[in-house]
Amino acid sequence: MSNSYTAPVEDYLKAIYEIETGPGQGTVATNEIAERLSVAPASVSGMVRRLADQGLLEYERYRGVRLTPQGRRVALQTIRRHRI
């Protein structure tokens, strides 16, 4: 697996990871992601579809998103790299 993810992809994965592992865990609503990243909900929908196509998240319309094991790995790598 390469680390060739763009900064926006890493930002989305990190935000989803942080919401997912916070209180009330489970699926993450696209509105929560939009709020966390200060972007329009429509922008989130487009990115979520791209991330799902890349196998980084599972997306169920009207239910929300959840990181796949690969998406979780990328999110954790991003978080670790930002801490250094």
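I take contact to mean heavy atoms within 4.5 Å.

I am working on a predicted model, in which local features need pLDDT of at least 70 and side-chain atom pairs count only at pLDDT 80 or more, while totals for chains, interfaces and linings use all residues. Residues are numbered from 1 along each chain as its sequence is written, and side-chain values use heavy atoms, with hydrogens and water left out.

**Confidence.** I looked up pLDDT, the predictor's confidence in each residue, from 0 to 100. The protein averages 91, and 95% of the residues score at least 70.

**Leu 57.** I listed its contacts, not counting residues up to four places away in sequence: Leu 13, Ile 16, Val 48, Leu 51, Ala 52, Val 65, Arg 66, Leu 67 and Thr 68. Of its 21 residues, Leu 13, Ile 33, Leu 51 and Leu 57 touch the most other members. Helix α1 gives the most to this core, with six residues.

Helices (H or I, at least four residues) and strands (E, at least two) are DSSP runs, numbered from the N terminus.

**Thr 68.** I placed Thr 68 in the loop between β2 and α4. Thr 68 is buried, at a relative accessible area of 11%. Its side chain reaches the backbone oxygen of Gly 55 at 2.7 Å. Besides Gly 55, Thr 68 touches Leu 56, Leu 57 and Glu 58, again leaving out residues up to four places away in sequence.

**Salt bridges.** I used a side-chain nitrogen of Lys or Arg within 4 Å of a carboxyl oxygen of Asp or Glu, and the count came to four. Arg 72 pairs with Glu 20, with the closest N and O atoms 2.6 Å apart. Arg 72 lies in α4 and Glu 20 in α1, so this pair ties together parts 52 residues apart in sequence. Glu 20 is buried at 6% relative accessibility, whereas Arg 72 is partly exposed at 32%. I also noted Arg 36 with Glu 18, at 3.0 Å, N to O. Arg 36 is in α2 and Glu 18 in α1, so that pair joins parts 18 residues apart in sequence.

Definitions and conventions
Buried means under 20% relative accessible area, exposed over 50%, partly exposed in between (1.4 Å probe, protein chains only). A polar contact is a pair of N or O atoms within 3.5 Å; within protein, one must be able to donate a hydrogen and the other to accept it, and residues adjacent in sequence count only if both atoms are side-chain atoms. A nonpolar core is a set of buried Ala, Val, Leu, Ile, Met, Phe, Trp, Tyr and Cys residues joined through side-chain atoms within 4.5 Å.
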